[in-house]
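Subject: Structure for you to look through

Hello,

Here is the structure I promised to pass on, and I would be glad if you opened it before reading further. My notes on what was found follow below.

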Amino acid sequence: MQRCDYLLSQLDVLEAESIQIIREVAAEFERPVLLFSGGKDSIVMLRLAQKAFAPAPVPFPVMHVDTGHNFPEVIEYRDRRVAELGVRLVVASVQASIDSGRVVEETGRRASRNRLQTTTLLDAIEEHRFDAAFGGARRDEEKARAKERVVSFRDEFGQWDPKNQRPELWNLYNTKIRQGEHVRVFPLSNWTELDIWDYVRREELELPSIYFAHSRRVFERDGMLLADLPYANRGDDEPVFEATVRYRTVGDASCTGAVKSSAVSLDDVIEEIAATRITERGQTRADDRASEAAMEDRKKEGYF
């Protein structure tokens, strides 16, 4: 009798789990949407959605909450990628929310549109009647996300209450909601940053160029290197200099920091990530360093 040992690699297990989550949500909800920023996590998530339904097209749209303070390389990649896949792109504009009086733009040196995304996102979910939104959050990123469910319930106000979350036994997810409520779904919950990069290498996925070392005009603020852009609100005591940097994460350019790096290839980046002891958000997101509870507050307001 012939014996065959069937072993799955770490990436195969993570991929299978994520695909099962995506298929489950697509089957249970009427109007799912995938949040797509053009960053590495959402790129992997879109790839998983492709695999989940191949050879059919991805059966739901993707949505970008656009702060207007973007890295041009990321927007170019976003538009090109959704065109290649033939996926419908919904752009929810923070600038439109400001113009309509829904939110008020922050002022001052550390002003950012990052928190303003919450209102824009919730308005878009209500306008398009989305009942499930796939997000690229991972539990290894920071404490508030470490206790997040895979299927995260949000009430009629779009808010997250940790006491109102459903138990998740094994891979059984409670997808029941009432009219006006919705869920956020995190297929990458059990992935790490290193898993993401290993998967990008295995799948030969293209990423925006800012993820690799390049020369950029930056200035230092609170120990972080921010890009010298028109909306960066740089002070006279923050001199600009050229540095060889790359970005570990993509977000609002006014508060997303670069890291000094010489990593120009996937192998270089993976080697660098494997050696680091600082999380990507702790090293690169100025808004989340303001306090340990910053992310928790934003989740309760309804963004994540």
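Arginine 246 and glutamate 272 form a salt bridge in which the closest N and O atoms are 2.8 Å apart, where a salt bridge is a side-chain nitrogen of Lys or Arg within 4 Å of a carboxyl oxygen of Asp or Glu. Because arginine 246 lies in strand 9 and glutamate 272 in helix 8 (residues 266-275), the pair ties together parts that are 26 residues apart in sequence; helices (H or I, at least four residues) and strands (E, at least two) are DSSP runs, numbered from the N terminus. Arginine 246 is buried, with a relative accessible area of 0%, whereas glutamate 272 is partly exposed at 27%. Here buried means under 20% relative accessible area, exposed over 50%, and partly exposed in between, with a 1.4 Å probe and protein chains only.

Before you go on, please keep in mind that this is a predicted model, in which local features need pLDDT of at least 70 and side-chain atom pairs count only at pLDDT 80 or more, while totals for chains, interfaces and linings use all residues. Residues are numbered from 1 along each chain as its sequence is written, and side-chain values use heavy atoms, with hydrogens and water left out.

How many salt bridges does a search of the whole structure find? The search finds 29, and two others deserve a look alongside the one above. In one of them, the side chains of glutamate 203 and lysine 51 meet at 3.1 Å, N to O. Glutamate 203 lies in helix 7 (residues 193-203) and lysine 51 in helix 2 (residues 40-53), so this pair ties together parts that are 152 residues apart in sequence. Glutamate 203 counts as buried at 14% relative accessibility, while lysine 51, at 27%, counts as partly exposed. Both residues also belong to a network of salt bridges that links Asp12, Glu15, Arg47, Lys51, Arg202 and Glu203.

The other pair is glutamate 238 with arginine 109, whose closest N and O atoms are 3.7 Å apart. Glutamate 238 lies in the loop between strand 8 (224-227) and strand 9 (241-246), and arginine 109 in the loop between helix 4 (94-99) and helix 5 (117-128), so the pair ties together parts that are 129 residues apart in sequence. Glutamate 238 is buried, with a relative accessible area of 5%, and arginine 109 is partly exposed, with 33%.

Helix 1 (residues 10-28) and helix 7 pack at an angle of about 95 degrees, with their axes 11 Å apart; axes are lines fitted to C-alpha atoms, for helices over the stretch in contact, and angles run from 0 to 180 degrees between N-to-C directions. The two helices are therefore roughly perpendicular to each other, since angles of 65 to 115 degrees count as roughly perpendicular, under 35 as roughly parallel, over 145 as roughly antiparallel and the rest as oblique. In this contact (heavy atoms within 4.5 Å), Gln10, Leu11, Asp12, Leu14 and Glu15 in helix 1 meet Asp195, Asp198, Tyr199, Arg202 and Glu203 in helix 7. Among the buried residues of helix 7 are Asp195, Tyr199 and Glu203.

How do helix 2 and helix 3 (residues 72-85) pack, and at what angle? Their angle is about 0 degrees, with the axes 13 Å apart, and helix 2 and helix 3 are therefore roughly parallel to each other. Ile43, Leu46 and Gln50 in helix 2 meet Tyr77, Arg81 and Leu85 in helix 3.

On the scale of the whole chain, the domain assignment gives domain 1 (10-196 + 293-301) and domain 2 (207-289), with bounds that come from an automatic or database domain assignment. The centres of the two domains, taken over C-alpha atoms, are separated by 23 Å, and the contact takes 29 residues from domain 1 and 34 residues from domain 2.

Finally, arginine 110 sits in the loop between helix 4 and helix 5 and counts as exposed at 52% relative accessibility. Not counting residues up to four places away in sequence, arginine 110 touches Arg221 and Asp222.

Best wishes
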